[in-house]
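Please work through the following exercises with the model open beside you, trying each task before reading its solution.

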Amino acid sequence: MNQASNEGTGTARGVQRRAVIRGARCVGRWVINVLLVLLFFFPFFWMLSSSLKTLGETMQFPPSLLPADPQWQNFADAWTSIPFAHYLMNSVIVTLAVLGLQLLTVVPAAYAFSQYRFAGQGVLFGITLVTMMVPAQLVFLPLFALFAKWGIINSYWSLILPFATSAFNIFLLRQTFNQMPRELVEAARLDGASELKIIVRLFLPMAKATLATCALLTLIATWNDYFWPLVLTTNDAVRTLPVGVASMRASESGVNYHILMAANVLLTVPIAIIYSFASKHIIKAFAYVGDK
Amino acid sequence: MPLANKAARGGDGIGEASLATKPTLVVSAGRRRAASFLALIKPYVVIAPALIVLVVFWIYPIFDMAYLSLFKWDLISPEMVWVGLENFQNLFADAQFWQTLANTLAYTFFVVLIGVGMGLVTAIYLRKNTKTNGFLQAVVFSPYVVSLASVSLLWMWIMNKDYGPLNSILAAFGISGVDWLGDPNVALPALIAISVWKTVGYDSLILVSALRGIPHHLYEAARLDHADGWTTFRKITLPLISPTLFFLVVVDVIASLKVFETIQIMTLGGPQNATNTLVFSLYQYGFQFNKVGYAAAIGMVLLVLIGIFAVAYFKLLANRVHYR
């Protein structure tokens, strides 16, 4: 562009040349855009397409892009080939329990860290921050031993308790609570408002966006989690959907990819729906988290 | 903080009393003492539920793992045999462990390098705030919100050597495909590619917001100085986004060090141990080979690796909090 303008500014040839370059750039961008969409959506398209094929069609070479005759029956088969409803219920129970307990533990802790001064505050907040860095993949073995001793393996407790609070959400919410104008809180206190009332009437409404962010991130993480339900349970009693669906791949007669992909679609649909409705907020939430 | 300030100001009576009671009430000394005791322990009571959960389920297990690494134990029998550092000696003498460690480090290095690199290129490409870019951002980000289990099942099917679309696409270009997950030379790079596909959206998203945060007048000044694109990038863009780049490197390193799902679902550490990683072998030794002490020793190695990057993260966090 620069070169073009230097060579022939004002002349008809220069104008024409610039137009050509601009056109080429435009086309180039479109090609790249289409490639990006293909690269990131094709796998999902393939999942959907395979979920509607017959077993024979999944094994033909070269594979067909679209199913010749969509097999909606595959979804019913996926639903019945594993205790799908049972896994689904477990996923819903665990996710809701984690969300509820986090609300009860995260909000008070964030409030206290933000609004009170007390001895040992720095140390306690330090412990909270350090925990953010401890992945579940590091502590599952000692926790399995501990939960076995408590007798809560294969109960909801083992899946819910460790996630009953979130150091990360405490950190995020405290940042927001710190922005509350001091005068407002003091005025409320002078009016004789109780702490609970101050939290519910002042802090929670102000932190709505952060609360939604925390809830969304926790919901996605809990619903998607495969590792914890896999390692902390030994049977199907409380196992969640991702573990249930993934267990379908281990069939002796080879993997029935059409049924597996149908189950995978069903597993992904809740998150896909949430994402399509809240993609703007989710993207903002992650950008906001990364900013902290 | 308001409370602390009030106390520091020496208390004008009204502010102090309002902590616990209404200022207009005349309260007895005893009641006031009880109230101030309540005010003293209140923060701890309020924090307790969260902190107990964090300490019992996330801090204590680390110490417990260090303790377990000194024993021989099968997780089931009541008897634990003290062996001291024998687990570590065995671990460091085991060639398979070194390969597992090398796999983990190679995986982490390439996922972070390619992921952040591609994230940066994508971010620069999508940095302008337009409708198309917003849509593309959502597209590139979408794999990030999907469960790793789903992604693993999906790519296992795509990379199927006989019927998967990847090899047929290559065949259409006259390239003969490979057994992506069954060839020891290709399996680890294949897992790296999947991880990059999943996380590049996140990296680019964070970098786009960093790029948009760069003050526009800096670029205008560069244009006035006739700086070319590359110089502008090197002298203005890169220094200003380097804290974000560093943040992403640390976050991605910790995420890569704990890789498990793709391996457990797609390769089980094979072929020929080519995709075995620290977390997967920790899982195998703990739950399949019933060597808990040995597994805990592997866990300690992982702890050290994560610890190094966690320290880096907190240094960074402290700096950012300081400068903002």
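**Exercise 1. The interface of the two chains**

How many residue pairs are in polar contact between chain A and chain B, with both residues at pLDDT 80 or more?

Solution. The model is a predicted one, and side-chain atom pairs count only at pLDDT 80 or more. Under that condition, the count between chain A and chain B is 14 residue pairs in polar contact. A search for salt bridges across this interface gives 0. Turning from pairs to whole residues, 94 residues of chain A are in contact with 94 residues of chain B. The size of an interface is often given as the accessible area lost when the parts come together. Here the area buried between chain A and chain B is about 8,900 Å², and carbon and sulfur atoms give 77% of that area.

**Exercise 2. A threonine in a helix**

Determine whether Thr131(A) is buried or exposed, and list its contacts beyond its neighbours within four places in sequence.

Solution. Begin with the location: Thr131(A) belongs to helix α6 of chain A, which covers residues 121-132. Next, take the relative accessibility, which is 6%; because buried means under 20%, Thr131(A) counts as buried. Then look at the side chain, of which a polar atom lies 2.4 Å from the backbone oxygen of Ile127(A). Finally, with neighbours within four places in sequence left aside, Thr131(A) is in contact with Ala167(A) in its own chain and with Leu54(B), Trp58(B) and Ile59(B) of chain B.

**Exercise 3. Salt bridges over all chains**

Find how many salt bridges the whole structure holds, and describe the surroundings of the residues that form them.

Solution. The search finds 3 salt bridges over all chains.

1. In chain A, the side chains of Glu195(A) and Arg189(A) meet at 3.1 Å, N to O. Glu195(A) is buried, at a relative accessible area of 18%, and Arg189(A) is also buried, at 4%.
2. In chain B, Lys72(B) pairs with Glu86(B), and their closest N and O atoms are 3.9 Å apart. Since Lys72(B) lies in strand β1 (residues 71-72) and Glu86(B) in helix α4 of chain B, this pair ties together parts that are 14 residues apart in sequence. Glu86(B) is partly exposed, with a relative accessible area of 32%.
3. Also in chain B, Asp162(B) and Lys161(B) form a salt bridge at 3.6 Å, N to O. Asp162(B) is partly exposed at 39% relative accessibility, as is Lys161(B) at 43%.

**Exercise 4. The two sides of a helix**

Which residues of helix α4 of chain B are buried, and which are exposed on the other side?

Solution. In helix α4 (residues 86-93) of chain B, the buried residues are Asn87(B), Phe88(B) and Leu91(B). Seen down the axis of α4(B), these buried residues fall within an arc of 95°, so they line one face of the helix. An α-helix has 3.6 residues a turn, so residues three or four places apart point the same way. On the other side of α4(B), the exposed residues are Gln89(B) and Ala93(B).

**Exercise 5. Annotated regions of chain A**

Compare the UniProt annotation "transmembrane region" of chain A with the modelled chain.

Solution. The unreviewed UniProt entry places this feature at several stretches of chain A, including residues 27-48 and 198-223. Over residues 27-48 of chain A, the chain is 100% helix and 0% strand, with the end C-alpha atoms 30 Å apart. Over residues 198-223 of chain A, the corresponding values are 96% helix and 0% strand, and the end C-alpha atoms are 32 Å apart.

How values were computed
Residues numbered from 1 in each chain as written. Chains lettered and ligands numbered in written order. Predicted model: local features only at pLDDT ≥ 70, side-chain atom pairs only at ≥ 80, totals over all residues. Heavy atoms only, no water. Buried < 20%, exposed > 50% of the residue type's maximum accessible area, 1.4 Å probe, protein only. Helix = DSSP H or I, 4+ residues; strand = E, 2+ residues; numbered from the N terminus. Arc of directions from axis to C-beta. UniProt positions renumbered as here; feature names shortened; annotations may be inferred. Contact = heavy atoms within 4.5 Å. Buried area = accessible area lost by both parts, 1.4 Å probe. Salt bridge = Lys/Arg side-chain N within 4 Å of Asp/Glu carboxyl O. Polar contact = N/O pair within 3.5 Å; in protein donor to acceptor, adjacent residues only side chain to side chain.
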